[in-house]
Amino acid sequence: MRDFEVPRHASQTVLDVVTHIQRALDPALAYRFACRVGVCGSCAMTVNGVARWTCRTHIDKAVRNRNEITIEPLRNLPVIRDLVTDMREFFDKWARAKGSFQGDRSRRDDFSRIPSEGASRKQIDAAIECIGCGVCYSSCDVVSWNPDYLGPAALNRAWTLIRDERDTASIERLRAVAGDAGCHSCHTHMSCTERCPKGISPTAGIAGLKREVSLALLRGQL
Amino acid sequence: MHRISGILLTLFLPGHFIALGSALEGAQAFDEFLAWTERPLVKFAEWGIVLLLAVHLGGGLRVLALEFLPWRDWHKSLAAAAAAAAIAVGLAFALAL
Amino acid sequence: MSAKTQSLLWVAQRASAAVLALCVIVHLGTMIYAIRGGLSASEILSRTQGSVGWLAFYSVFVLAVAVHAPIGLRSVLLEWLGWRGASRDVFLAGVAIVLAGLGMRAVVGVFA
């Protein structure tokens, strides 16, 4: 842990502070960012103990007292250097949760028509805006206790696909997200829901997965 | 909270069952046991167990509601309601004790 | 243990939780009612002895606990102690048997 003195500006974000440190005080500081406007999900860090997207976190909101903030890398992920974590495990778990769409139409088929006011479409809308920043994963108690746990983001992704009427891999996906490494380990502590910068509730999606897995189980489809 | 109350209740239950099982040896053994429970420290522990049970019940109902009911923004009030219900039961038991 | 079995355990735990929620509410109510004016063996036994209703209630209660508690401990042992695999599950089956055995002994004890 190192201390830096940084000038204070109006509308300054945590990412601005980190950038200032790297440009003016310590050129060797490693951190990750790209869009600076809350779209890409690459700048998440632990700010005063709480995982946040730093580009959209104002210093005014983050500073607790005496004009000091502590900035650390995301938790629950291996640190490569300084503020940069290795996100491989995080994204590998999306793949393990079968987080990619599988359909049965080709480009010669007509478009699928999904009414935007349908119940499942609304559930997808509530969960689809994930930017993959890793804030939820870093805030999750279950991930810190059980490294095999797929985590909120991957399960949330699986949930949006389970609700997708065009997707054809539901049963395989339910198998992939069932059990100790999957949705059944969620304790509904709701840290992910509390911290998600996009206002998604992975807890709701995971609860949905639990119900879907149970239904498939009782129907003998698993 | 939910976890710790669950663990402690599981540890308590065998003792509870053995005590009740002593009824098998006749009402007298059972009464001797009940006399032991009149001690203040034991009484306090009993109250703790009842409170744990209420806490675990409240927390459990919260989880079931989150998992099985459609919900959006009332999860915080739900946690508070669970805590309030647990405290109410604890008070009722303390008053009756 | 397969993911399917783990899912089944989850269903069993939530189902037993729902049963227990009802049982615990009844149990807490009875307790608060019964301890007014102190407890005595004769008072408890006069309520339970020969009562098929209480026998059935407490049997369901005990068996639901024997299902519910070991499954809960299963994730505690994994997440806090890192204990996984068959040895843990055999241990927990033992816990279930002890809870069911002692519990049913007590239920029969206050009924007979």
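View 1. The expected span is 1.5 Å times one less than the number of residues; helices (H or I, at least four residues) and strands (E, at least two) are DSSP runs numbered from the N terminus. This is a predicted model, where local features need pLDDT of at least 70, side-chain atom pairs count only at pLDDT 80 or more, and totals for chains, interfaces and linings use all residues. Residues are numbered from 1 along each chain as its sequence is written, while chains are lettered from A and ligands numbered from 1 in the order written. Buried residues of this helix include Leu99(C), Leu102(C) and Val110(C) (buried: 20 or more other C-beta atoms within 10 Å of its own, C-beta atoms being placed from the backbone). Their cover includes helix 1 (2-21) of chain B, along with helix 2 (41-48) and helix 3 (52-81) of chain C.

**View 2. Thr54(A) in its loop.** Look for Thr54(A) between strand 2 (50-53) and helix 2 (59-62) of chain A. Thr54(A) counts as buried because it has 27 C-beta neighbours inside 10 Å. Beyond its neighbours within four places in sequence, its contacts (C-beta atoms, placed from the backbone, within 7 Å) include Val14(A), Cys43(A) and Met45(A).

**View 3. Chain B and its meeting with chain A.** Chain B has four helices and zero strands, and 27% of its 97 residues count as buried. Six residues of chain A are in contact with five residues of chain B.

Terms used
Buried ≥ 20, exposed ≤ 12 C-beta atoms within 10 Å, placed from the backbone. Contact = placed C-beta atoms within 7 Å.
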